Amino acid sequence: MKTKFYLISYFFAMFCFNMHSENFVNKEWVIASGSPLDSSFQVSQVNLNGELFLASNVSTLSEGTNVIISNFKEDGSEGWTLNYNGSSNLNDYPISMILDEDGFLYIAGITQQFLGNYDIFLLKIDFSGTLIWEYTYGSTYEFDDFVTGLKLDSKKNIYLCGTTSITSANFVS
C-alpha cells in the first residue's frame, strides 16, 4: 500500500507543478501538426536568430516511420521541412540533434534494416534544409546498432556514442 501512495503522490505533484508552471509561460505562437497516433516529437534546437529546428517521426503506410525535420522562424512561420526515409524504406527515428555555429544541423538516429535490425544514421543539413550528406553505420551479421549521443567539438569533429550488438564468435578485429 505504501508504494501506491508514493506513486500517486508523485504523479499528483507532477500534475500540480505542470499546471502551475503554465501560468508563467508567455506563449507567442503554437503550431499543431499530425495527430497523436501518427507523429511524435523527438529532438529540437534553437539558433541565435530564434529559429526552431525540430526532428520527429511520422508513421506512413508505405514507408514505415520516417523522420521529419522542420524549421520554424521566430514568428512561428514554417521555414522548411525535410523528410528522411532510410534506404530500407522501414522505420527511422531521430535520437540526437546539434546545430553548429555555421548553421549546419546534424541529426543522429536509427534506421531499421530488412532483417529487422537497426543501424545508426547521421545527417548533415544546411540552413536552407538541403541534405548535404548522409552516413549510415551498421555492424555485420544482422545485429542492432543504437546511437545514444551526438557531440561536435571546436574543430567540428563529430562524436557518436552508442551501442552495438555483436558476439565474440562473429567479431573481427
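Q: Which residue in β8 stands opposite K124?
A: W133 in β8 stands opposite K124. The model is predicted, local features requiring pLDDT of at least 70 and side-chain atom pairs pLDDT 80 or more, while totals for chains, interfaces and linings use all residues. Residues are numbered from 1 along each chain as its sequence is written, and side-chain values use heavy atoms, without hydrogens or water.

Q: What makes β7 and β8 a pair of strands?
A: Strands are DSSP runs of E with at least two residues, numbered from the N terminus. Pairing requires that DSSP find at least two bridges between two strands. Six bridges join β7 (residues 118–125) to the antiparallel β8, so the two strands pair.

Q: Why is the contact between E51 and K73 called a salt bridge?
A: The term requires a side-chain nitrogen of Lys or Arg within 4 Å of a carboxyl oxygen of Asp or Glu. The N to O distance between the side chains of E51 and K73 is 2.8 Å, and the pair is therefore a salt bridge. E51 lies in the loop between β1 (39–46) and β2, and K73 in the loop between β3 and β4, 22 residues apart.

Q: Why is E51 called buried?
A: Buried means under 20% relative accessible area, exposed over 50%, and partly exposed in between, with a 1.4 Å probe and protein chains only. E51 has a relative accessible area of 14%, so E51 is buried.

Q: Why does K73 count as partly exposed?
A: The relative accessibility of K73 is 33%, which means that K73 belongs to the partly exposed class.

How values were computed:
Helix = DSSP H or I, 4+ residues; strand = E, 2+ residues; numbered from the N terminus.
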